[in-house]
Amino acid sequence: MEKNIMDYETVALDDEHDALVIIDQTKLPGTTQIISLKTAQEIWDAIYLLKVRGAPAIGVAAAFGIYLLSRQIVTDDFDTFFAEFGRQKAYLDSARPTAVNLSWALKRMEQVCLQNREKPVEEIKALLKKEAVLIKEEDIRVCRAIGEYGLTLVKPGDGILTHCNAGQLATCKYGTATAPIYLGQEKGYGFRVFADETRPLLQGARLTAYELSSAGVDVTLICDNMSGAVMRNGWVNAVFVGCDRVAANGDTANKIGTSVVAAVAKRYNVPVYICAPTSTIDMNTKTGADIKIEERPAEEVTQMWYKERMAPEGIKVFNPAFDVTDHDLIAGIVTEYGIARAPYTESLQEIFAKKANGQKED
């Protein structure tokens with residue numbers, strides 16, 4: 001039987017060949033190309049160029065990547081090993097500044113080194129591999145738990161709108177914003193999904209519409225400026241989106257255009273739910289104003305998807321990768337430990353209290 005996109009692993013470790021294996025998402029949906037990354041430059045480029053993308057998938061890729069790079073450090077001395085580990089960590093961390101999972105995963109791997117500094121370097125490398133595999137396994141469990149909580153917010157037959165790609169291609173399985181959709185599909189809920197194309201990189205058109213349709217979901221692709229029309233028609237009962245960073249007050253940074261969707265949804269009384277693993281919640285960032293927003297090359301707007309350049313030469317271009325959705329536009333933040341609601345300064349603290357107390361994800 002021919003494989004479809006749902007049969008591939010988004011991020012995998014090929015330990016035998018010392019490689020990080022990913023789907024090159026810049027080639028989708030036309031070509032499914034699996035690529036192996038072995039050098040720091042290749043891994044950095046894959047993250048920066050969006051060959052691997054989505055906050056959770058980036059975190060897993062970073063964990064596998066830094067493990068593989070640690071194997072290339074030839075020394076028995078911990079201090080020498082850790083100095084080079086730190087250099088490689090800082091380099092990978094520079095690839096994408098907004099997605100907190102990148103730095104989160106790398107810091108977690110760094111802690112493995114520091115907590116085991118008295119052990120032989122080769123043993124530390126083995127522990128790094130174990131931690132990276134654990135991060136991937138956790139991602140799958142976390143996404144399913146988010147899906148279960150998200151499913152309580154909708155009912156069979158509902159219309160759901162999503163923006164960008166927070167699906168299986170952005171994680172290791174299920175996705176975050178799409179997890180309720182996939183679990184609902186398993187239960188026969190018959191959701192009707194509207195996927196924004198998501199300019200300028202078209203992750204909604206190229207990735208979300210592709211993976212949902214491959215999974216048999218009833219999905220309709222719309223342009224970004226059509227969200228108001230489908231909401232006005234009463235076709236949307238809820239908005240589910242992912243995010244790259246949640247601030248302590250509940251402001252969220254997600255793919256550019258999310259704040260517009262949220263503002264329109266507010267006008268039509270459609271609840272907006274942010275699906276965010278706790279690894280994406282940054283309690284050290286007070287508000288969305290403190291989130292560094294990555295800016296992308298102008299060519300993504302002026303010519304990337306056109307046979308010929310469509311914008312005039314020399315035109316100024318503003319191309320932020322993300323925007324911030326204010327917390328007052330958000331009906332709930334769905335995590336693996338439950339659903340946080342306003343006031344988020346309190347409810348997010350409660351979520352982390354559950355996590356600290358060792359409550360298992362549902």
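**Contacts, pairing and packing in the predicted model**

The side chains of E300 and R296 make a polar contact at 3.0 Å. A polar contact is a pair of N or O atoms within 3.5 Å; within protein, one must be able to donate a hydrogen and the other to accept it, and residues adjacent in sequence count only if both atoms are side-chain atoms. The structure is a predicted model: local features need pLDDT of at least 70, side-chain atom pairs count only at pLDDT 80 or more, and totals for chains, interfaces and linings use all residues. Residues are numbered from 1 along each chain as its sequence is written, and side-chain values use heavy atoms, with hydrogens and water left out.

E300 lies in helix 10 (residues 299-302). Helices (H or I, at least four residues) and strands (E, at least two) are DSSP runs, numbered from the N terminus. E300 counts as buried because its relative accessibility is 6%. Buried means under 20% relative accessible area, exposed over 50%, and partly exposed in between (1.4 Å probe, protein chains only). Leaving aside neighbours within four places in sequence, E300 is in contact with R199, P200, L201, W305 and N319. Contact means heavy atoms within 4.5 Å.

R141 sits in helix 5 (residues 121-151). With 42% relative accessibility, R141 is partly exposed. R141 and S279 are 138 residues apart in sequence, but 13 Å apart in space, C-alpha to C-alpha.

Helix 3 (residues 78-93) and helix 4 (residues 100-115) were examined as a pair. Two packed helices are described by the angle between their axes and the distance between the axes. Here the axes come within 10 Å and cross at roughly 175 degrees. Helix 3 is therefore roughly antiparallel to helix 4. Axes are lines fitted to C-alpha atoms, for helices over the stretch in contact, and angles run from 0 to 180 degrees between N-to-C directions. Angles under 35 degrees count as roughly parallel, over 145 as roughly antiparallel, 65 to 115 as roughly perpendicular and the rest as oblique. On the helix 3 side, the residues that meet helix 4 include F78, F81, F82 and F85. Helix 4 contributes residues including L102, L106, M109 and C113.

Two strands pair if DSSP finds at least two bridges between them. Strand 9 (residues 252-255) runs antiparallel to strand 12, joined by four bridges. Within this pair, A253 stands opposite V324.

Strand 13 (residues 332-335) is covered on both faces. G332 and V334 are buried on one side, I333 and T335 on the other. Strand 10 (residues 272-275) runs parallel to strand 13, with three bridges between them. Strand 14 (residues 338-340) is antiparallel to strand 13, also through three bridges. Strands 13 and 14 form a hairpin with two residues between them.

A search of the whole structure finds zero disulfides. C164 is in none, and its nearest cysteine sulfur, in C243, is 11 Å away. A disulfide is a pair of cysteine sulfur atoms within 2.5 Å. The sulfur of C243 is 8.6 Å from its closest cysteine sulfur, in C275, and so too far for a bond. C164 is buried, with a relative accessible area of 8%. C243 also counts as buried, at 8% relative accessibility.
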